[in-house]
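Subject: The structure I promised you

Hello,

Have a look at it first, then read on.

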Amino acid sequence: MCPLQYLARLGLLAAWAAIGVPAGPAAAASTLVVAQQTVADEKAVFATVESISVVPARSRIGGTVIQLEVREGDRVTAGQVIAAIGDEKLVLQMKSLDAQIEALQAQAKQAQLDFTRTEGLVERGILPRVKLDEQRTALNVADNGLRAKTAERAVINEQLNQGQVLAPADGRVLKRLITLGSVVLAGDPIVTVAEQNFKLRLRVPERHARYLKAGDKVRVDGAELAGEASKRGVIDLVYPQIEEGRVIADATVEGLGEYFVGDRLRVWIAGGTRPAFVIPSSYVTTRFGIDYVQLRKGDQTIDVPVQRGRDMPTPSLPDGLEILSGIQVGDQLVRP
């Protein structure tokens, strides 16, 4: 070796050392032994986002809508005033009862004065005792009449208070059914409120229904969640009736987020089981449109073309990828 080649080799070794590349043989790459495993044969179905319950906020009295505080999409809390209904007849009845109460109060006051005066005259023997009994009866009649009118006024006042339409539950207003100035009857719905606890309603073809049962896992694609990670849920209820060739089922998925009621999502359900090869996607490289894995054969590592399947993420293997062909049981894969 000439001196120039020796110096060049020393410079190359120094450069490798500076960037952290080992000068000796490469460290052994991580390997994976291929094994066949049983996976759920997932089928893609569409599900709609629905509220657990949609309840109407109803008017308790008839009248004219004089106030409306909410519109579609607004959040409400249970007991919140969302509208007010006025009834002019109730206002007129209230004024009439106020006038009658004032008259009865005057009568009761006069009856009390007459009773006190008669009681004094009876004690001095000027009037017979029967007059005292008559005045006591008149006083009782006046007091009872006043209490009756006061109770009647309280009933009318409560009816006026019931003109306030209250939200039946926490949630979001789906639809406003009336406008200001509308005439409503007692029991008419004013708005519909959807609770914020969402569920997924699946419509599964009947050929897959025999595999579907409560407690099964479902998976929502990450692409359906605005780029988020895939979410998993559980089927709560499978309805026993087939409608238009489809079985209806409800599933609960935590953290669905702010979805529109009626939004359609693609959901994967289990349609039985089958054997498959599932490996981490980091073991697969793509060159010129062809997927390869590195296979160890003795002391050599060769590139083998494979046919890529769909992604099969699991809690233990978030980047799981199904390989349809190109590898066999016992093959040793090398991470690129």
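To start with a question: is Val-261 buried, partly exposed or exposed? Val-261 is partly exposed, as its relative accessible area is 36% (buried means under 20%, exposed over 50%, partly exposed in between, with a 1.4 Å probe and protein chains only).

Before the rest, a note on the basis: this is a predicted model, in which local features need pLDDT of at least 70 and side-chain atom pairs count only at pLDDT 80 or more, while totals for chains, interfaces and linings use all residues. Residues are numbered from 1 along each chain as its sequence is written, and side-chain values use heavy atoms, with hydrogens and water left out.

**Surface**

Val-261 sits in the loop between strand S14 (246–253) and strand S15 (264–280); helices (H or I, at least four residues) and strands (E, at least two) are DSSP runs, numbered from the N terminus. Together with Val-54 and Leu-174, Val-261 makes up a nonpolar surface patch with about 210 Å² of accessible area. Patches take residues with over 30% relative accessible area and no salt bridge, joining like charges within 9 Å and nonpolar side chains (Val, Leu, Ile, Met, Phe, Trp, Tyr) within 5 Å; the areas come from the Shrake-Rupley method with a 1.4 Å probe, and for residues only the protein chains shown count as cover.

**Sheets and cores**

S3 and S10 (residues 189–194) are antiparallel over five bridges, and Ala-57 stands opposite Val-191 in S10.

Another open sheet, also antiparallel, has four strands in the order S7-S6-S4-S9, with S7 (164–166) and S9 (183–184) at the edges. S4 and S6 share four bridges, and Val-65 stands opposite Ile-85 in S6.

The largest nonpolar core has 21 residues, of which Val-76, Ile-82, Ile-85, Val-165, Ile-190 and Val-191 touch the most other members. Such a core is a set of buried Ala, Val, Leu, Ile, Met, Phe, Trp, Tyr and Cys residues joined through side-chain atoms within 4.5 Å. Strand S4 (63–68), strand S6 (81–86), helix H2 (88–123) and S10 each give two or more residues to this core. A second, separate core of 17 residues includes Val-49, Phe-198, Val-204 and Val-267.

**Salt bridges**

The whole structure holds 12 salt bridges (a side-chain nitrogen of Lys or Arg within 4 Å of a carboxyl oxygen of Asp or Glu). Lys-149 and Glu-152 form one of them, with the closest N and O atoms 3.7 Å apart. These two are separated by about one helical turn because they are three residues apart in helix H3 (residues 129–161).

Lys-199 and Asp-250 meet in another, at 3.4 Å from N to O. Lys-199 lies in strand S11 (residues 198–205) and Asp-250 in strand S14, so the pair ties together parts that are 51 residues apart in sequence. Lys-199 is buried at 14% relative accessibility, and Asp-250 is buried at 5%.

Asp-250 also forms a salt bridge with Arg-201, with the closest N and O atoms 2.9 Å apart. Through shared partners, Glu-50, Lys-199, Arg-201 and Asp-250 are joined into one network.

Best wishes

How values were computed. Pairing = 2+ DSSP bridges.
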